[in-house]
Amino acid sequence: VAMGPGRILMWLLRVSPIAFVLVALITFGTTYAVTILNDDSEQDVVFISETGDYNEERLVFTYGVSHAAFWMFLVYVIQFLRFQGLINQELSTKLHAFTRGEAKHTVGNTISLIIGVLTVVAFLGVGAVPYVESHTIHMISAFSLFIGTILYTGIVLWLSFALEGEAKQRWCYTRLACWLLQLVSMIGLIVLTLVTDEEFEPHDLPPTLQAAALCEWVFALCLAGFVLTYYFADFRAMAVEVFVLERDLEHSSALLPLASRDTDYQPPPVPRSVH
């Protein structure tokens, strides 16, 4: 089958984790570089969202976060469907009624999707409302983003160890390492922010908040690493069932499933009428 809409859709779904990471890193890297080059900040280590506080960088930051949030949402939905497929496959293989373990996996998977969607909304809030415009809304969005990300990745980590086969265990341990670094960096970010009681300007951070900003960058990079494991462990081998319009069957239109990446779909033979 030629590179039609179905194949393009399959390819886009597979590379969605890479798209999310690239869009986010390019956005943050660009706004950070402009912030430093324009001397908008007094120090080299700044919070990620601070790079979107200034006029020249704000538009890039807002649009970049919006595009990254789209890919983030898509990645979370696909991973939810993957896990649900593994749960259903486990159920059909055992040929028994729904067990307590499978019920926990289903509930956990559903909760992960809900938390993931709320995290995407919080991410959009960080991009849309700069710190200098509304301190309260921006901080609530950022705090929700951090807590939501830790909860989401923690549930995904649990489901990965519970549902993935032995061949993917190394990726589960990679996710564990990313999650632990995320947790440590988030705790450091919160503690360093809370112990800072001196007055400061957003562009002139005290040493404790510079360390907190560094923790935020580590947190973001760990999330990028966690999401990239989706591609290398799962998405690049994913078979997406799409449909193609086949018009060669008795000169009529029929929707036929396109096969997975490993085999080409062969339509069943057309029965001949017996007179």
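1. K168 is partly exposed, because its relative accessible area of 25% falls between the limits of 20% and 50%. In this predicted model, K168 forms a salt bridge with E164, and the closest N and O atoms of the two are 3.8 Å apart.

2. R82, E164, K168, R175 and D234 are linked in a network of salt bridges. The structure as a whole holds five salt bridges.

3. Which residue does R175 pair with in a salt bridge? The partner is D234, with 2.9 Å between the closest N and O atoms. R175 lies in helix α6 and D234 in the loop between α7 and β1, so this pair ties together parts that are 59 residues apart in sequence. R175 has a relative accessible area of 1% and is therefore buried.

4. D234 also meets R82 through their side chains, in a salt bridge of 3.4 Å from N to O. Here the separation in sequence is 152 residues, because R82 is in helix α3 while D234 is in the loop between α7 and β1 (243-249); the pair ties these parts together. D234 counts as buried at 4% relative accessibility. R82 is buried too, with a relative accessible area of 15%.

5. On the overall layout, the protein has seven helices and two strands. Read from the N terminus, the order of elements is α-α-α-α-α-α-α-β-β. The protein has 275 residues, of which 42% count as buried. Among contacts with a separation of 6 or more, 68% are between residues 24 or more positions apart.

6. Helix α6 covers residues 169-194, which is 26 residues. From its first C-alpha to its last, helix α6 reaches 37 Å, close to the 38 Å expected at 1.5 Å a residue. Its buried residues are W171, C172, R175, C178, W179, Q182, S185, M186, G188 and L189. The list therefore includes the arginine of point 3, R175, buried at a relative accessible area of 1%.

7. S185, in helix α6, is buried, with a relative accessible area of 5%. What does S185 touch, not counting residues up to four places away in sequence? The residues are C215, V218 and F219.

8. The cysteines deserve a separate comment. A search of the whole structure finds zero disulfides. C222 is in no disulfide, and the nearest cysteine sulfur, that of C178, is 5.8 Å away; the cut-off for a disulfide is 2.5 Å between the sulfur atoms. C222 counts as buried at 8% relative accessibility. C215, one of the contacts of S185, counts as buried at 17% relative accessibility.

9. The largest nonpolar core has 50 residues. Those that touch the most other members are F20, F28, M72, Y76, F123, V227 and Y230. Two or more residues of this core come from each of α2, α3 (55-94), α4 (100-128), α5 (135-163), α6 and α7 (207-233). In general, nonpolar side chains in soluble globular proteins tend to be buried together. Beyond residues up to four places away in sequence, V227 touches P17, F20, V21 and V75.

10. T27 sits in helix α2 (residues 16-37). Is T27 buried or exposed? T27 counts as buried because its relative accessibility is 7%, under the 20% limit. With neighbours within four places in sequence set aside, T27 is in contact with V60, F61, G64 and V65.

11. Confidence is the remaining point. The protein averages a pLDDT of 79, and 76% of the residues score at least 70. Over residues 240-268 the pLDDT is below 50. Beyond near neighbours in sequence, this stretch has 41 contacts in the model.

Definitions and conventions:
Residues are numbered from 1 along each chain as its sequence is written. This is a predicted model: local features need pLDDT of at least 70, side-chain atom pairs count only at pLDDT 80 or more; totals for chains, interfaces and linings use all residues. Side-chain values use heavy atoms; hydrogens and water are left out. Helices (H or I, at least four residues) and strands (E, at least two) are DSSP runs, numbered from the N terminus. The expected span of a helix is 1.5 Å times one less than its number of residues. Buried means under 20% relative accessible area, exposed over 50%, partly exposed in between (1.4 Å probe, protein chains only). Contact means heavy atoms within 4.5 Å. A nonpolar core is a set of buried Ala, Val, Leu, Ile, Met, Phe, Trp, Tyr and Cys residues joined through side-chain atoms within 4.5 Å. pLDDT is the predictor's confidence in each residue, from 0 to 100. A salt bridge is a side-chain nitrogen of Lys or Arg within 4 Å of a carboxyl oxygen of Asp or Glu.
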